[in-house]
Amino acid sequence: MKITNARVNITCPGRNFVTLKIETEKGLYGIGDATLNGRELAVASYLSDHVIPCLIGRDAQRIEDIWQYLYRGSYWRGGPVTMSAISAVDTALWDIKAKAANMPLYQLLGGKSRDGIMVYGHANGRDIEESCAAAEKFLSLGYKAVRVQSGVPGLETIYGVSKDKMFYEPATKGLPVEQVWSSAKYLNHIPALFETIRERLGYEFHLLHDVHHRLTPIEAGQLGKAVEPYRLFWLEDPVPAENQESLRLIRQHTTTPLAIGEIFNTIWDCKTLIENHLIDYIRTTIVHAGGITHLRRIADFASLYHVRTGCHGATDLSPVCLGASLHLNLAIPNFGIHEYMRHTKETDEVFPHDYYFENGALYLGDKPGHGVDLDEEKAAHYPYNPAYLPVNRLEDGTMWNW
Ligand code: CS2
Ligand code: MG
(Lines give C-alpha, C1' and ligand atoms only; values in the text may rest on other atoms or scores of the structure.)
(Ligands and ions follow the chains in the order given, each with its own letter.)
Protein backbone atom coordinates (compact mmCIF):
# COMPACT_ATOMS: atom_id res chain seq x y z
CA MET A 1 0.00 0.00 0.00
CA LYS A 2 2.13 2.89 -1.23
CA ILE A 3 2.16 6.29 0.46
CA THR A 4 1.26 8.72 -2.33
CA ASN A 5 1.02 12.00 -0.44
CA ALA A 6 1.47 13.53 3.01
CA ARG A 7 0.88 17.04 4.29
CA VAL A 8 0.98 19.05 7.50
CA ASN A 9 -2.06 20.98 8.70
CA ILE A 10 -1.67 23.82 11.21
CA THR A 11 -4.84 25.25 12.70
CA CYS A 12 -5.75 27.33 15.73
CA PRO A 13 -9.34 26.70 16.94
CA GLY A 14 -8.61 28.46 20.26
CA ARG A 15 -5.06 27.06 20.41
CA ASN A 16 -2.54 25.81 17.82
CA PHE A 17 -2.58 22.21 16.61
CA VAL A 18 -0.29 20.50 14.09
CA THR A 19 -1.66 17.44 12.30
CA LEU A 20 -0.04 15.13 9.75
CA LYS A 21 -2.23 13.53 7.06
CA ILE A 22 -0.83 10.56 5.10
CA GLU A 23 -2.62 9.36 1.94
CA THR A 24 -2.17 6.03 0.16
CA GLU A 25 -2.72 4.66 -3.34
CA LYS A 26 -5.73 2.74 -2.02
CA GLY A 27 -7.49 5.99 -1.12
CA LEU A 28 -7.09 5.27 2.61
CA TYR A 29 -5.60 8.06 4.73
CA GLY A 30 -4.50 8.37 8.32
CA ILE A 31 -3.88 11.32 10.63
CA GLY A 32 -1.48 11.89 13.51
CA ASP A 33 -1.05 14.64 16.12
CA ALA A 34 2.27 16.52 15.90
CA THR A 35 1.53 19.36 18.32
CA LEU A 36 4.36 20.59 20.56
CA ASN A 37 3.04 23.48 22.63
CA GLY A 38 5.02 26.68 21.89
CA ARG A 39 7.24 24.98 19.28
CA GLU A 40 4.60 23.97 16.72
CA LEU A 41 6.41 25.27 13.62
CA ALA A 42 9.59 23.36 14.48
CA VAL A 43 7.72 20.05 14.21
CA ALA A 44 5.75 21.21 11.15
CA SER A 45 9.03 21.99 9.36
CA TYR A 46 10.68 18.76 10.56
CA LEU A 47 7.81 16.84 8.98
CA SER A 48 7.43 18.88 5.77
CA ASP A 49 11.11 19.46 5.04
CA HIS A 50 12.79 16.32 6.37
CA VAL A 51 10.30 13.46 6.87
CA ILE A 52 7.61 13.65 4.17
CA PRO A 53 10.10 13.49 1.24
CA CYS A 54 11.35 10.18 2.71
CA LEU A 55 7.82 8.76 3.12
CA ILE A 56 6.49 9.08 -0.43
CA GLY A 57 6.49 5.69 -2.19
CA ARG A 58 7.03 3.68 1.03
CA ASP A 59 4.66 0.87 2.01
CA ALA A 60 2.29 2.32 4.64
CA GLN A 61 1.89 -1.16 6.16
CA ARG A 62 5.54 -1.28 7.27
CA ILE A 63 4.94 0.68 10.46
CA GLU A 64 7.83 -0.67 12.56
CA ASP A 65 10.31 -0.35 9.70
CA ILE A 66 9.30 3.26 9.03
CA TRP A 67 9.53 4.00 12.78
CA GLN A 68 13.08 2.58 12.92
CA TYR A 69 13.99 4.33 9.67
CA LEU A 70 12.91 7.73 11.03
CA TYR A 71 14.44 7.12 14.50
CA ARG A 72 17.80 5.58 13.61
CA GLY A 73 17.99 7.35 10.26
CA SER A 74 17.80 10.84 11.83
CA TYR A 75 21.23 10.28 13.42
CA TRP A 76 20.30 13.09 15.88
CA ARG A 77 17.86 10.76 17.57
CA GLY A 78 15.32 11.50 20.31
CA GLY A 79 14.12 14.81 21.75
CA PRO A 80 10.67 16.47 21.58
CA VAL A 81 10.76 17.79 17.99
CA THR A 82 12.04 14.62 16.31
CA MET A 83 9.85 12.34 18.42
CA SER A 84 6.69 14.43 17.92
CA ALA A 85 7.25 14.11 14.17
CA ILE A 86 7.84 10.35 14.38
CA SER A 87 4.80 10.04 16.66
CA ALA A 88 2.58 11.74 14.09
CA VAL A 89 3.77 9.42 11.29
CA ASP A 90 3.31 6.35 13.48
CA THR A 91 -0.19 7.35 14.62
CA ALA A 92 -1.28 8.06 11.03
CA LEU A 93 0.06 4.68 9.83
CA TRP A 94 -1.73 2.78 12.61
CA ASP A 95 -4.89 4.70 11.67
CA ILE A 96 -4.47 3.51 8.07
CA LYS A 97 -3.76 -0.09 9.11
CA ALA A 98 -6.89 -0.24 11.27
CA LYS A 99 -8.99 1.31 8.48
CA ALA A 100 -7.58 -1.24 6.02
CA ALA A 101 -8.57 -4.00 8.47
CA ASN A 102 -11.96 -2.30 8.88
CA MET A 103 -11.50 -2.43 12.67
CA PRO A 104 -11.25 0.06 15.53
CA LEU A 105 -7.54 0.40 16.37
CA TYR A 106 -7.81 -1.26 19.80
CA GLN A 107 -8.71 -4.56 18.06
CA LEU A 108 -5.24 -4.61 16.48
CA LEU A 109 -3.68 -3.97 19.91
CA GLY A 110 -5.19 -7.01 21.62
CA GLY A 111 -8.83 -5.98 22.00
CA LYS A 112 -10.58 -4.48 25.00
CA SER A 113 -9.15 -5.16 28.47
CA ARG A 114 -11.86 -2.87 29.93
CA ASP A 115 -14.93 -1.06 28.66
CA GLY A 116 -14.17 2.50 29.68
CA ILE A 117 -11.06 4.57 30.39
CA MET A 118 -11.17 6.21 33.83
CA VAL A 119 -10.22 9.87 33.47
CA TYR A 120 -9.42 12.74 35.79
CA GLY A 121 -10.65 16.29 35.39
CA HIS A 122 -8.90 19.51 36.35
CA ALA A 123 -10.45 21.36 39.30
CA ASN A 124 -8.79 24.60 40.19
CA GLY A 125 -9.42 27.86 41.96
CA ARG A 126 -7.73 31.03 43.16
CA ASP A 127 -7.91 29.78 46.76
CA ILE A 128 -8.86 26.69 48.79
CA GLU A 129 -12.56 27.55 48.84
CA GLU A 130 -12.77 27.98 45.05
CA SER A 131 -10.67 24.87 44.42
CA CYS A 132 -12.88 22.82 46.74
CA ALA A 133 -16.02 24.06 45.00
CA ALA A 134 -14.50 23.24 41.60
CA ALA A 135 -13.62 19.71 42.78
CA GLU A 136 -17.20 19.25 44.00
CA LYS A 137 -18.44 20.31 40.55
CA PHE A 138 -16.32 17.66 38.81
CA LEU A 139 -17.63 15.01 41.23
CA SER A 140 -21.18 16.13 40.41
CA LEU A 141 -20.35 15.64 36.70
CA GLY A 142 -19.58 11.99 37.48
CA TYR A 143 -15.78 12.09 37.64
CA LYS A 144 -14.24 9.44 39.89
CA ALA A 145 -10.88 11.23 39.88
CA VAL A 146 -10.09 14.93 40.16
CA ARG A 147 -6.82 16.81 39.94
CA VAL A 148 -6.88 19.83 42.23
CA GLN A 149 -4.69 22.89 41.81
CA SER A 150 -4.99 26.13 43.78
CA GLY A 151 -3.70 29.66 43.86
CA VAL A 152 -1.08 30.28 46.57
CA PRO A 153 -1.30 33.29 48.90
CA GLY A 154 1.42 35.77 47.99
CA LEU A 155 1.85 34.48 44.42
CA GLU A 156 0.07 36.41 41.67
CA THR A 157 -0.16 33.49 39.20
CA ILE A 158 0.52 29.78 39.36
CA TYR A 159 0.42 26.73 37.11
CA GLY A 160 -2.94 25.09 36.68
CA VAL A 161 -5.27 27.86 37.82
CA SER A 162 -7.30 29.12 34.87
CA LYS A 163 -9.85 31.85 34.40
CA ASP A 164 -12.22 29.39 32.71
CA LYS A 165 -13.66 26.68 34.93
CA MET A 166 -13.69 23.90 32.37
CA PHE A 167 -10.84 24.76 30.00
CA TYR A 168 -7.20 25.38 30.82
CA GLU A 169 -4.75 26.66 28.23
CA PRO A 170 -1.36 27.82 29.53
CA ALA A 171 0.05 29.13 26.24
CA THR A 172 -0.54 32.83 25.51
CA LYS A 173 -0.24 34.80 22.29
CA GLY A 174 2.91 36.85 21.88
CA LEU A 175 6.18 36.35 23.77
CA PRO A 176 6.40 34.27 26.96
CA VAL A 177 4.66 35.66 30.04
CA GLU A 178 6.99 35.78 33.07
CA GLN A 179 5.57 34.34 36.28
CA VAL A 180 7.02 34.40 39.81
CA TRP A 181 7.34 31.32 42.03
CA SER A 182 8.08 30.61 45.70
CA SER A 183 8.40 27.00 46.84
CA ALA A 184 8.20 28.18 50.48
CA LYS A 185 4.83 29.87 49.93
CA TYR A 186 3.57 26.85 47.96
CA LEU A 187 4.68 24.32 50.61
CA ASN A 188 3.06 26.42 53.37
CA HIS A 189 -0.25 26.31 51.54
CA ILE A 190 -0.80 23.04 49.73
CA PRO A 191 -1.25 20.53 52.62
CA ALA A 192 -4.19 22.63 53.90
CA LEU A 193 -5.76 22.39 50.43
CA PHE A 194 -5.90 18.61 50.56
CA GLU A 195 -6.93 18.56 54.22
CA THR A 196 -9.94 20.72 53.33
CA ILE A 197 -10.78 18.72 50.20
CA ARG A 198 -10.80 15.42 52.13
CA GLU A 199 -12.66 16.95 55.10
CA ARG A 200 -15.39 18.39 52.85
CA LEU A 201 -15.58 15.84 50.02
CA GLY A 202 -14.37 12.63 51.65
CA TYR A 203 -12.08 9.86 50.49
CA GLU A 204 -14.33 8.08 47.98
CA PHE A 205 -12.69 9.64 44.93
CA HIS A 206 -9.15 9.77 43.54
CA LEU A 207 -7.35 13.03 44.34
CA LEU A 208 -4.39 14.08 42.19
CA HIS A 209 -2.03 17.05 42.13
CA ASP A 210 0.58 18.36 39.69
CA VAL A 211 3.66 19.99 41.25
CA HIS A 212 4.82 20.80 37.72
CA HIS A 213 8.58 20.31 38.11
CA ARG A 214 9.04 23.00 40.77
CA LEU A 215 10.48 21.46 43.93
CA THR A 216 13.86 20.11 44.97
CA PRO A 217 13.91 16.41 45.93
CA ILE A 218 13.96 17.05 49.67
CA GLU A 219 11.09 19.58 49.35
CA ALA A 220 9.14 17.00 47.35
CA GLY A 221 9.86 14.44 50.08
CA GLN A 222 8.53 16.88 52.68
CA LEU A 223 5.36 17.51 50.63
CA GLY A 224 4.80 13.82 49.89
CA LYS A 225 5.05 13.02 53.60
CA ALA A 226 2.82 15.94 54.64
CA VAL A 227 0.00 14.87 52.31
CA GLU A 228 0.10 11.12 53.12
CA PRO A 229 -2.98 11.41 55.42
CA TYR A 230 -4.99 12.67 52.40
CA ARG A 231 -4.17 9.60 50.31
CA LEU A 232 -3.36 11.17 46.95
CA PHE A 233 -3.70 9.02 43.86
CA TRP A 234 -0.47 10.68 42.72
CA LEU A 235 1.84 13.66 43.10
CA GLU A 236 2.90 14.58 39.57
CA ASP A 237 6.24 15.94 38.33
CA PRO A 238 7.51 16.73 41.84
CA VAL A 239 10.97 17.62 40.48
CA PRO A 240 12.49 18.14 37.01
CA ALA A 241 13.33 14.60 35.90
CA GLU A 242 16.57 15.00 33.96
CA ASN A 243 18.34 13.52 36.98
CA GLN A 244 16.18 10.44 37.53
CA GLU A 245 18.30 9.45 40.55
CA SER A 246 16.71 12.38 42.45
CA LEU A 247 13.53 10.35 42.82
CA ARG A 248 15.38 7.98 45.18
CA LEU A 249 15.53 10.78 47.76
CA ILE A 250 11.79 11.42 47.49
CA ARG A 251 11.04 7.70 47.76
CA GLN A 252 13.04 7.51 51.00
CA HIS A 253 10.66 9.99 52.65
CA THR A 254 7.19 9.25 51.38
CA THR A 255 4.80 6.58 50.15
CA THR A 256 2.69 9.10 48.23
CA PRO A 257 2.53 7.66 44.67
CA LEU A 258 4.54 9.54 42.03
CA ALA A 259 3.77 10.19 38.34
CA ILE A 260 6.29 11.50 35.81
CA GLY A 261 6.86 11.49 32.07
CA GLU A 262 4.63 13.89 30.14
CA ILE A 263 7.71 15.63 28.71
CA PHE A 264 9.60 12.37 28.01
CA ASN A 265 10.17 11.28 24.42
CA THR A 266 11.53 7.73 24.45
CA ILE A 267 11.71 4.61 26.59
CA TRP A 268 15.29 5.62 27.44
CA ASP A 269 13.97 8.72 29.27
CA CYS A 270 11.84 6.44 31.48
CA LYS A 271 14.14 3.44 31.96
CA THR A 272 15.88 4.31 35.24
CA LEU A 273 12.68 5.54 36.89
CA ILE A 274 10.75 2.40 35.97
CA GLU A 275 13.32 -0.32 36.62
CA ASN A 276 14.18 1.16 40.04
CA HIS A 277 10.53 1.49 41.12
CA LEU A 278 11.02 5.26 41.46
CA ILE A 279 7.59 6.05 40.02
CA ASP A 280 4.14 4.49 40.12
CA TYR A 281 2.66 5.98 36.91
CA ILE A 282 4.31 6.79 33.60
CA ARG A 283 2.78 9.80 31.82
CA THR A 284 4.32 9.50 28.35
CA THR A 285 2.00 10.26 25.43
CA ILE A 286 1.19 9.15 21.91
CA VAL A 287 2.13 12.57 20.47
CA HIS A 288 5.48 13.12 22.24
CA ALA A 289 6.81 9.59 22.88
CA GLY A 290 6.85 7.85 19.53
CA GLY A 291 3.22 7.09 18.78
CA ILE A 292 1.41 3.77 19.31
CA THR A 293 4.50 1.71 18.44
CA HIS A 294 6.77 3.21 21.10
CA LEU A 295 4.18 3.96 23.77
CA ARG A 296 3.17 0.28 23.66
CA ARG A 297 6.85 -0.62 24.31
CA ILE A 298 7.01 1.78 27.25
CA ALA A 299 3.75 0.41 28.71
CA ASP A 300 4.96 -3.19 28.41
CA PHE A 301 8.31 -2.36 30.03
CA ALA A 302 6.49 -0.48 32.80
CA SER A 303 4.21 -3.48 33.45
CA LEU A 304 7.26 -5.57 34.49
CA TYR A 305 7.78 -3.16 37.43
CA HIS A 306 4.14 -2.65 38.54
CA VAL A 307 4.13 0.81 36.92
CA ARG A 308 0.83 1.81 35.34
CA THR A 309 0.04 4.31 32.60
CA GLY A 310 -1.25 7.78 33.44
CA CYS A 311 -1.14 9.39 30.01
CA HIS A 312 -0.95 13.14 29.69
CA GLY A 313 -4.11 14.56 28.14
CA ALA A 314 -3.93 18.36 28.26
CA THR A 315 -5.71 20.67 25.80
CA ASP A 316 -2.46 21.12 23.86
CA LEU A 317 -2.59 17.45 22.87
CA SER A 318 -5.15 17.29 20.08
CA PRO A 319 -8.23 15.05 19.94
CA VAL A 320 -6.19 12.92 17.51
CA CYS A 321 -3.66 12.15 20.27
CA LEU A 322 -6.44 11.62 22.81
CA GLY A 323 -8.37 9.30 20.50
CA ALA A 324 -5.34 7.17 19.64
CA SER A 325 -4.28 7.09 23.30
CA LEU A 326 -7.69 5.80 24.35
CA HIS A 327 -7.35 2.88 21.92
CA LEU A 328 -3.98 1.89 23.37
CA ASN A 329 -5.12 2.36 26.98
CA LEU A 330 -8.24 0.31 26.31
CA ALA A 331 -6.07 -2.68 25.40
CA ILE A 332 -2.99 -2.67 27.65
CA PRO A 333 -3.14 -4.61 30.95
CA ASN A 334 -1.45 -1.95 33.10
CA PHE A 335 -3.73 0.99 32.43
CA GLY A 336 -3.84 3.39 35.39
CA ILE A 337 -5.76 6.55 34.57
CA HIS A 338 -6.00 9.07 31.73
CA GLU A 339 -5.93 12.86 31.91
CA TYR A 340 -8.91 14.55 30.28
CA MET A 341 -8.82 18.29 29.78
CA ARG A 342 -11.83 19.01 27.61
CA HIS A 343 -11.17 20.69 24.26
CA THR A 344 -13.19 23.72 23.14
CA LYS A 345 -16.26 23.35 20.91
CA GLU A 346 -14.32 24.77 17.93
CA THR A 347 -11.55 22.21 18.45
CA ASP A 348 -14.04 19.35 18.60
CA GLU A 349 -15.60 20.60 15.35
CA VAL A 350 -12.22 20.68 13.58
CA PHE A 351 -11.44 17.17 14.91
CA PRO A 352 -14.68 15.15 14.78
CA HIS A 353 -14.32 12.04 16.94
CA ASP A 354 -16.32 9.14 18.39
CA TYR A 355 -15.02 9.03 21.98
CA TYR A 356 -17.43 10.29 24.64
CA PHE A 357 -17.49 10.95 28.40
CA GLU A 358 -19.85 9.07 30.68
CA ASN A 359 -19.85 8.45 34.41
CA GLY A 360 -16.20 9.25 35.04
CA ALA A 361 -14.75 7.49 31.99
CA LEU A 362 -14.17 7.97 28.28
CA TYR A 363 -15.64 5.40 25.91
CA LEU A 364 -14.78 4.68 22.29
CA GLY A 365 -17.01 4.10 19.31
CA ASP A 366 -16.33 1.27 16.83
CA LYS A 367 -15.30 3.26 13.77
CA PRO A 368 -12.37 1.77 11.84
CA GLY A 369 -9.08 3.48 12.74
CA HIS A 370 -8.49 5.62 15.82
CA GLY A 371 -11.86 7.27 15.30
CA VAL A 372 -10.71 10.89 14.97
CA ASP A 373 -10.75 12.90 11.75
CA LEU A 374 -9.57 16.32 10.58
CA ASP A 375 -12.08 18.63 8.92
CA GLU A 376 -9.63 20.57 6.73
CA GLU A 377 -12.29 23.03 5.61
CA LYS A 378 -13.14 24.01 9.20
CA ALA A 379 -9.44 23.97 10.12
CA ALA A 380 -8.79 26.59 7.44
CA HIS A 381 -10.99 29.06 9.33
CA TYR A 382 -8.43 29.17 12.19
CA PRO A 383 -5.00 30.38 11.02
CA TYR A 384 -1.89 29.67 13.10
CA ASN A 385 -1.38 32.21 15.87
CA PRO A 386 2.09 32.16 17.54
CA ALA A 387 1.85 31.48 21.29
CA TYR A 388 4.31 30.60 24.04
CA LEU A 389 4.17 28.80 27.35
CA PRO A 390 5.03 31.05 30.32
CA VAL A 391 8.47 31.11 31.95
CA ASN A 392 9.01 31.10 35.71
CA ARG A 393 11.39 33.01 37.93
CA LEU A 394 11.98 32.86 41.68
CA GLU A 395 11.20 35.97 43.67
CA ASP A 396 14.85 37.08 43.41
CA GLY A 397 14.70 36.84 39.62
CA THR A 398 16.46 33.47 39.25
CA MET A 399 15.14 31.49 36.27
CA TRP A 400 13.14 28.50 37.52
CA ASN A 401 10.96 25.71 36.12
CA TRP A 402 7.53 26.56 34.80
C1 CS2 B 1 0.21 19.76 32.65
C2 CS2 B 1 0.06 20.27 31.25
O3 CS2 B 1 -1.77 18.57 32.22
C4 CS2 B 1 -0.70 18.56 32.85
O5 CS2 B 1 -0.34 17.66 33.61
O6 CS2 B 1 1.51 19.43 33.01
O7 CS2 B 1 -1.08 21.06 31.23
C8 CS2 B 1 1.24 21.09 30.72
O9 CS2 B 1 1.40 22.23 31.51
C10 CS2 B 1 0.95 21.47 29.28
O11 CS2 B 1 0.71 20.30 28.54
C12 CS2 B 1 2.12 22.23 28.68
O13 CS2 B 1 1.84 22.54 27.35
MG1 MG C 1 1.60 17.77 34.30
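This is a predicted model: local features need pLDDT of at least 70, side-chain atom pairs count only at pLDDT 80 or more; totals for chains, interfaces and linings use all residues.
In helix α2, which spans residues 63-72, the buried positions are Ile63, Ile66, Trp67, Leu70 and Tyr71. These residues cover an arc of only 130° around the axis, which means that they sit on the same side of α2.

**Helix α2 and its cover**

- An α-helix has 3.6 residues a turn, so residues three or four places apart point the same way.
- The elements that cover the buried residues of α2 include strand β1 (3-11) and the helices α1 (40-55), α3 (80-100), α9 (267-275) and α10 (291-303).

**Helix α3**

- Helix α3, one of the elements covering α2, has 21 residues and reaches 30 Å from its first C-alpha to its last, which is close to the 30 Å expected at 1.5 Å a residue.
- This helix is mostly covered, since 16 of its 21 residues are buried.
- Just after α3, Asn102 takes a positive phi of about 55°.

**Nonpolar cores**

- The largest nonpolar core has 118 residues, and those with the most contacts inside this core are Ile22, Val89 and Tyr186.
- Helix α3 gives the most to this core, contributing 10 residues.
- Leaving aside residues up to four places away in sequence, Ile22 touches Ile3, Asn5, Ala6, Leu28, Tyr29, Gly30, Leu55, Val89, Ala92, Leu93 and Ile96.
- Another core, of eight residues, lies apart from the largest one, and among its members are Tyr120, Leu208, Phe233 and Tyr281.

- Phe264 is found in the loop between β10 (258-260) and α9, and it counts as buried because its relative accessible area is 6%, below the 20% cut-off.
- Not counting residues up to four places away in sequence, the contacts of Phe264 are with Ala241, Asp269, Cys270, Leu273, Ile282, Thr284, His288 and Ala289.
- Although Phe264 and Ser87 are 177 residues apart along the chain, their C-alpha atoms are separated by 13 Å.

Note on methods:
Residues are numbered from 1 along each chain as its sequence is written. Chains are lettered from A and ligands numbered from 1 in the order in which they are written. Side-chain values use heavy atoms; hydrogens and water are left out. Buried means under 20% relative accessible area, exposed over 50%, partly exposed in between (1.4 Å probe, protein chains only). Helices (H or I, at least four residues) and strands (E, at least two) are DSSP runs, numbered from the N terminus. The arc is that of the directions from the helix axis to the C-beta atoms. Contact means heavy atoms within 4.5 Å. The expected span of a helix is 1.5 Å times one less than its number of residues. A nonpolar core is a set of buried Ala, Val, Leu, Ile, Met, Phe, Trp, Tyr and Cys residues joined through side-chain atoms within 4.5 Å.
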